[in-house]
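Student: I would like a close look at the ligand site in this model, with the criteria spelled out.

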Amino acid sequence: MEVIIRESVEKAVELVARLTSDAVCRKPDLVLGLATGRTMERLYARLAEMHREENIDYSGVNTFNLDEYIGLSPQDENSYRYYMQKHFFDHINIKCENTHLPDGSVEDIDEECRKYEETIKKCGGVDLQLLGIGRTGHIGFNEPLSAMLSRTRPKALAPKTIEQNKHLFDDPERMPRRAITMGVGTILDSRRCFLLATGKEKSAIIAKAVEGPITSMISASALQLHPHCTVIVDEAAAADLTQNEYYKWIFDNEPEWQDYH
Ligand code: F6R
């Protein structure tokens with residue numbers, strides 16, 4: 001795992017957007033894993049801009065989202081399908097049939113999860129996974145005690161997550177208590193991943209996930225086992241880390257990062 005600290009939210013978002021656009025240019029049939037949430041909104045806006053300004057071509061890209069609420073139809077304004085169309089898919093030239101999210105409105109949820117894993121496999125696995133981190137330390141909706149080897153499955157949302165997200169619903173009581181999520185094991189299978197976290201409210205959980213012990217109580221700590229994971233944070237989200245000088249040295253000096261200053 002490596003940590004990159006940028007001076008501002010804008011610079012952190014810019015770096016992830018640049019790295020993602022570059023990955024699409026390098027591999028036009030990229031399999032891209034996607035997250036939702038407030039942090040990602042800025043990223044999708046910037047990726048859409050890069051698509052317009054630099055003709056980043058998504059026509060051959062397949063995407064797989066991490067999660068979807070159980071009980072919401074894809075047309076529901078609070079569903080993650082709706083979110084993805086609104087913030088990203090409607091602004092780029094991706095083929096609708098290449099955008100994959102679990103369907104939380106089907107009757108047989110277990111079958112939906114099994115099919116989702118199968119489709120990821122059929123597409124060749126996730127090349128690049130984008131992640132955010134929740135207050136519980138979740139990635140996707142892998143709440144505390146999610147098994148390190150878990151696959152796509154239904155998961156009960158933790159009270160902190162309900163607290164974090166319910167105000168996004170017109171009627172907070174309508175927020176589902178369960179979701180389908182890729183498992184920690186599914187995420188660890190991705191070839192490359194970026195976790196983007198910004199703002200002071202993420203600093204404590206980022207410190208635990210990055211510098212704390214690997215524990216199923218904080219699913220993001222499992223990323224320490226990932227072969228190629230980069231955590232990209234702004235100064236505020238980095239505030240509780242202890243090795244910041246070292247992380248900054250890496251960005252300033254390692255050859256891999258010199259084109260991204
Ligand atoms: C949702 C997801 C979650 C979010 C996390 C952070 O698809 O993957 O893990 O990334 O809850 O959400 P924000 O960015 O709203 O703080």
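Student: How far from an oxygen atom of the ligand does a backbone N or O atom of Arg 38 lie?

Tutor: That distance is 2.9 Å for Arg 38. This is a predicted model, in which local features need pLDDT of at least 70 and side-chain atom pairs count only at pLDDT 80 or more, while totals for chains, interfaces and linings use all residues. Residues are numbered from 1 along each chain as its sequence is written, and side-chain values use heavy atoms, leaving out hydrogens and water.

Polar contacts here are pairs of N or O atoms within 3.5 Å. Side chains take part too: a polar atom of Thr 39 lies 2.5 Å from a ligand oxygen, and for an N or O atom of Lys 202 the distance is 2.7 Å. The protein buries 96% of the 410 Å² that the ligand exposes when taken alone (Shrake-Rupley, 1.4 Å probe).

In total, 14 residues surround the ligand, each with a heavy atom within 4 Å of it. Thr 36, Thr 39, Asp 67, His 138 and Lys 202 are the closest. By class, this shell has 3 nonpolar, 8 polar and 3 charged residues, with Gly counted as polar.

The ligand takes up the space of the largest pocket (more than half of its atoms within 2 Å of the pocket's grid points). A pocket is an open set of points on a 1 Å grid over the protein atoms alone, where a 1.4 Å probe fits, with protein on both sides within 12 Å along at least five of seven lines; lining residues have an atom within 4 Å of a point. The lining comprises 34 residues, with Thr 36, Gly 37, Arg 38, Asn 165 and Leu 168 nearest the centre.

Methods
Polar contact = N/O pair within 3.5 Å; in protein donor to acceptor, adjacent residues only side chain to side chain.
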